[in-house]
Amino acid sequence: MLTEEIKREIETEIEVCPTLRCACIEALQIVQRHHGWVSDEGLKNVAEFLGMTVEELDSIATFYNRIYRKPVGRHIILVCDSVSCWIMGFEHIRDYLIQCLGIELGETTLDGRFTLLPIQCLGVCDQAPAMMIDDELYGDLDLGKIDRILENHK
Ligand code: FES
């Protein structure tokens, strides 16, 4: 699971961290970048590599909602459900995404194209309602804009 390339990348992170443990999120992100998600085996390998217990690392991994512990789609849609987005129509946006994709929050489309997840404030409250796909932010959402955004993610 931890290829030589992954180990080298983790070691590079470790060099700029005062302790091995402080590199653990970056290490999990590296594994995720290579494999798309972090399996139990991947988590165990990272824990061993960093000298942590699996339980310790798992508790940190589950705290960070952008470490995926089960397989995800090619594109991750994070739809903001915090207060500004609620006020500006989150429920409408969420329901439309659910309808368009044919999945519920937390699920992945059958074709493996999208995973739909809720997330707390994306930091663009002035553009609420907002969502993020992969690493790109989209604000001032309306249904037509969602159609265009989804169309651009094959
Ligand atoms: S509340 Fe949605 S971006 Fe801040």
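Hi everyone. Let me begin with a term: a residue counts as buried under 20% relative accessible area, as exposed over 50%, and as partly exposed in between. With that in hand, take Cys22: its relative accessibility is 34%, so Cys22 counts as partly exposed. Please keep in mind that this is a predicted model.

Let's stay with the cysteines for a moment. A disulfide is a covalent bond between the sulfur atoms of two cysteines. How many disulfides does a search of the whole structure find? It finds 0. For Cys22, the nearest cysteine sulfur belongs to Cys17 and is 3.2 Å away. The cut-off for a disulfide is 2.5 Å between the sulfur atoms, so Cys22 is in no disulfide. Another cysteine, Cys125, is partly exposed too, at 38% relative accessible area.

Now to the inside of the model. The largest nonpolar core has 30 residues, and the ones touching the most other members are Ile77, Leu97, Leu116, Met131, Ile146 and Leu150. Which elements give two or more residues to this core? They are strands S1 (75–80), S2 (114–119) and S3 (131–133), together with helices H6 (90–101) and H7 (143–151). H6 gives the most, with 6 residues.

Next, a pair of helices. H2 (residues 24–35) and H4 (residues 54–63) pack with their axes 10 Å apart, at an angle of about 75 degrees. Angles from 65 to 115 degrees count as roughly perpendicular, and therefore H2 and H4 are roughly perpendicular to each other. On the H2 side, Cys24, Ile25 and Leu28 meet Leu57, Ile60 and Ala61 of H4. What kinds of residues make this contact of H2 with H4? There are 6 nonpolar residues, no polar ones and no charged ones.

Last, some backbone details. Most residues other than glycine have a negative phi, and most peptide bonds are trans. Here, the peptide bond from Ala128 to Pro129 is cis, with omega near 0 degrees, and Pro129 is found in the loop between S2 and S3. Asp134, in the loop between S3 and strand S4 (136–138), has a positive phi near 55 degrees. Asp140, in the loop between S4 and H7, has a positive phi of about 50 degrees. Asp134 is partly exposed at 27% relative accessible area, and Asp140 is partly exposed at 46%.

Technical notes. Residues are numbered from 1 along each chain as its sequence is written. This is a predicted model: local features need pLDDT of at least 70, side-chain atom pairs count only at pLDDT 80 or more; totals for chains, interfaces and linings use all residues. Side-chain values use heavy atoms; hydrogens and water are left out. A nonpolar core is a set of buried Ala, Val, Leu, Ile, Met, Phe, Trp, Tyr and Cys residues joined through side-chain atoms within 4.5 Å. Buried means under 20% relative accessible area, exposed over 50%, partly exposed in between (1.4 Å probe, protein chains only). Helices (H or I, at least four residues) and strands (E, at least two) are DSSP runs, numbered from the N terminus. Axes are lines fitted to C-alpha atoms, for helices over the stretch in contact, and angles run from 0 to 180 degrees between N-to-C directions. Angles under 35 degrees count as roughly parallel, over 145 as roughly antiparallel, 65 to 115 as roughly perpendicular and the rest as oblique. Contact means heavy atoms within 4.5 Å. Ala, Val, Leu, Ile, Met, Phe, Trp, Tyr, Cys and Pro count as nonpolar, Asp, Glu, Lys and Arg as charged, and the others, Gly among them, as polar.
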